[in-house]
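The exercises below concern helix packing, a chain contact and backbone geometry. Work through each one with the structure open, then compare with the solution.

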Amino acid sequence: MSVESNKNIRVVVGMSGGVDSSVAALLLKQQGYDVIGIFMKNWDDTDETGYCTATEDYNDVVKVANQIGIPYYSINFEKEYWDKVFKYFLEEYKSGRTPNPDVMCNKEIKFKAFLEHAMSLGADFLATGHYAQVSRENGKVNMLRGIDSNKDQTYFLNQLTHEQLSKVMFPLGGYTKPEIRAIAKEAGLATASKKDSTGICFIGEKNFKEFLGQYLPAQPGEMQTMDGVKKGNHDGLMYYTIGQRHGLGIGGNGDPWFVVGKNVEENILYVEQGFHNPLLYSDRVIVSQVNWINGKNVGEEFHCTAKFRYRQQDVPVKVKVVSDNMAEITCIEPVRANTPGQAAVFYEGEVCLGGGTVDEIYKGSEKLTYVG
Amino acid sequence: MKKVYFDNAATTPVRKEVIDVMIPYFNDFFGNPSSIHSFGRECRYALDRARFSIATFIGAKDKEIIFTSGGTEGDNLAVKGIARANKDKGKHIITTGIEHNGVLNSVKTLEKEGFEATYLKVDETGRISLDELKNSLREDTILVSIMYGNNEVGTVQPIKDIGELLKDHQAFFHTDAVQAFGVEKIDVNELMVDALTVASHKINGPKAVGFVYIKDGLKFDPILDGGHQEKGHRAGTENVPGILGFAKAVEVVVEERNKNRELYKTLRRRFISLLNENGIEFKINENVEYCLPHILNISFPGTKVDTMLTNLDLEGVAVSGGSACSAGSITPSHVLVEMFGDNDPRLHNSIRFSFGHYNTEAEVDYVVNQIVKIIKRDK
């Protein structure tokens, strides 16, 4: 398995202390690369005793790196993370949108600040434990979905540019999650049975509401139907997202209630009944901050598929490239619960073409102003 | 890969002659020095000789030497022990902001117990001001703890002058001499100190051994509750092989101190002139006049400490910079923060090189070459 010519290729692996990045490092080492493991510390939650939640993860990186036989280091990007990811995250919530900090973290931290750090260590490539694949043919780099469709993470990687991808490796892309667990177990890695992390990294297992409330003042207000009938009170618009059912506390007869929109100016949360309520459906989206991994010409129109949320099935769409960073997406069938702030990501078969941020949502020619 | 160890302020390799002294005490003479049988007696005898030898080298009486598990414990025992046992005389303590955490955190604990502390400021070179010390002294000051030589930048404090200043004051004077012991002549009478901490592993002795000198007659409380070892001052069975190795390391280091000082000065000069020859921009964080010769703390403008440390390690060069937090990331050294304030680029671009007995000029050449290569590659 070890390839002699790989020994002069230096690969920095971002190790989080989880099983995925542990196996990524192991696989690269087995393939004979000059592997360096680096733990990134992006968030400071150190308490007065000096303990932070990153400690245990770092200790797992130490154990695994020693088992594999690679040097390990730590790098601190707390400031960069705060400035580039967390501020954006709060701004988006403040304006009633539902941001995706993982997309931003990949764009600004993992594949920018961290990639630069890796390069300053003389690395040829940066590798991570993402479930995605990179293909390199004739100088053209493409990002493909991970083999494991349950775990595919290209959605979160949609902002990576061609240049970034040319320096990136995803060693796990050709494996399924159960296979990765099996490899970790077989190799006896310390993280083999470690629980997968859930939720947004800096919030971790903490209560999301409580966490957000520490940074943004929650302004309770009314829950109303679109016709202005009061149905109850909400705890603050930022705690809700379009299509959400849980946590509304509206009882009574008939279909369950869902969040269909937000009025930020008047601090009203719009609710309506029924999972398939027509107000939840839309068929046209304006996407901003668009990144096309292999470039597109302004004015170009084409058919492909799209995901507007992670784990959503791809839906067929027609894309019109409006400008360098804007696109108009027409959905062939109406899509439920499109949400401003979330990523729209485009695919041609297995190839991820890139993506952007959902900005404006339309049904036919009508702009859905109520979604926030 | 070539490996160079320039991190001797962190720890040092144990010398062969030290290991030789220790080996028999792991199995041939394994007794407990507190036991009254022959196995115990032979160890007790060895322990007493070690204590006497160390005491003689620093101008102390053997009963003034208490063996500990190292510098941190020594600092704890001296600072907390003396303060607590003498609180009837007052509750005020004076120390500096650049102490080792063994002292700093002991003082913080004492503050929680109701003691009051004054932390002396240092100037940009890491020196305290005697005037500030004089002005901080109060009638109820019972302890002054000021380190001899700083472990991060090497700056040496005016210990004799402080001793002189405190001569007519009730306050007891403790100094942490852990980093200085290998390169400075230490005589407790000349220095006029009441307590002094030394650790073995900084002078090519084994880890987890040290001693604290506490002047005869000075009251201090033990930190550990247990048996009557060390005359009741430090409970727990003595680390006999460690202590014997330590005593040997002290003997060797005292003998070779001047020679080592000269070596470190040579390495230092060569390091600096090579950096200059290669046109590297740098600033030395130190006090030119008063410094430990084996510590060279250099700021490289435009670089980042994590990147530099990692790159040097990848080239086999062991150095340090700042302190690693529990998640491994480098946080600025509190010593540099005290010297430069908390908003200075030097906090994030300074590297500590610390020399030891085994280092050579060829190693300096190699390390400087690597630094030049790394800085040029990054630009």
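**Exercise 1.** At what angle do helix H4 (residues 71–85) of chain B and helix H5 (residues 101–112) of chain B pack, and how far apart are their axes? Classify the pair and describe the contact.

Solution. The model is a predicted one.
- Step 1: H4(B) and H5(B) pack at about 30°, and their axes are 8 Å apart.
- Step 2: angles under 35 degrees count as roughly parallel, and H4(B) and H5(B) are therefore roughly parallel to each other.
- Step 3: the crossing in which H4(B) passes H5(B) is right-handed.
- Step 4: H4(B) makes the contact with Gly71(B), Thr72(B), Asp75(B), Asn76(B), Val79(B), Lys80(B) and Ala83(B), and H5(B) with Gly102(B), Val103(B), Ser106(B), Val107(B), Thr109(B) and Leu110(B).
- Step 5: sorted by class, the contact of H4(B) with H5(B) has five nonpolar, six polar and two charged residues.

**Exercise 2.** Treat helix H1 (residues 19–30) of chain A and helix H6 (residues 177–186) of chain A in the manner of a packed pair.

Solution.
- Step 1: the angle between H1(A) and H6(A) is about 65°, with the axes 10 Å apart.
- Step 2: the range 65 to 115 degrees counts as roughly perpendicular, so H1(A) and H6(A) are roughly perpendicular to each other.
- Step 3: H1(A) passes H6(A) in a left-handed crossing.
- Step 4: Val19(A), Asp20(A), Ser22(A) and Val23(A) of H1(A) meet Ile180(A), Arg181(A), Ile183(A) and Ala184(A) of H6(A).
- Step 5: by class, this contact of H1(A) with H6(A) has five nonpolar, one polar and two charged residues.

**Exercise 3.** How many residues does the contact take from chain A and from chain B? Describe the side of chain A.

Solution.
- Step 1: chain A gives 16 residues and chain B gives 12 residues.
- Step 2: on the side of chain A that touches chain B, two or more residues come from each of strand S2 (34–41), helix H2 (54–68), strand S3 (72–76) and helix H4 (101–120) of chain A.
- Step 3: S3(A) has the largest share of that side, four residues.
- Step 4: by class, the side of chain A has nine nonpolar, six polar and one charged residues.

**Exercise 4.** Where are Ala208(B) and Lys231(B), and is each buried or exposed?

Solution.
- Step 1: Ala208(B), not a glycine, has a positive phi of about 60°, and Lys231(B), also not a glycine, has a positive phi of about 55°.
- Step 2: Ala208(B) is in the loop between strand S7 (195–199) and strand S8 (210–214) of chain B; Lys231(B) is in the loop between S8 and helix H9 (240–277) of chain B.
- Step 3: Ala208(B) has 14 C-beta neighbours inside 10 Å, so it counts as partly exposed.
- Step 4: Lys231(B) has 9 other C-beta atoms within 10 Å, so Lys231(B) is exposed.

Notes:
Residues are numbered from 1 along each chain as its sequence is written. Chains are lettered from A and ligands numbered from 1 in the order in which they are written. This is a predicted model: local features need pLDDT of at least 70, side-chain atom pairs count only at pLDDT 80 or more; totals for chains, interfaces and linings use all residues. Axes are lines fitted to C-alpha atoms, for helices over the stretch in contact, and angles run from 0 to 180 degrees between N-to-C directions. Angles under 35 degrees count as roughly parallel, over 145 as roughly antiparallel, 65 to 115 as roughly perpendicular and the rest as oblique. A crossing is left-handed if the near helix is turned anticlockwise from the far one by less than a right angle, and right-handed if clockwise. Two residues are in contact if their C-beta atoms, placed from the backbone, lie within 7 Å. Ala, Val, Leu, Ile, Met, Phe, Trp, Tyr, Cys and Pro count as nonpolar, Asp, Glu, Lys and Arg as charged, and the others, Gly among them, as polar. A residue is buried if 20 or more other C-beta atoms lie within 10 Å of its own, exposed if 12 or fewer, and partly exposed in between; C-beta atoms are placed from the backbone.
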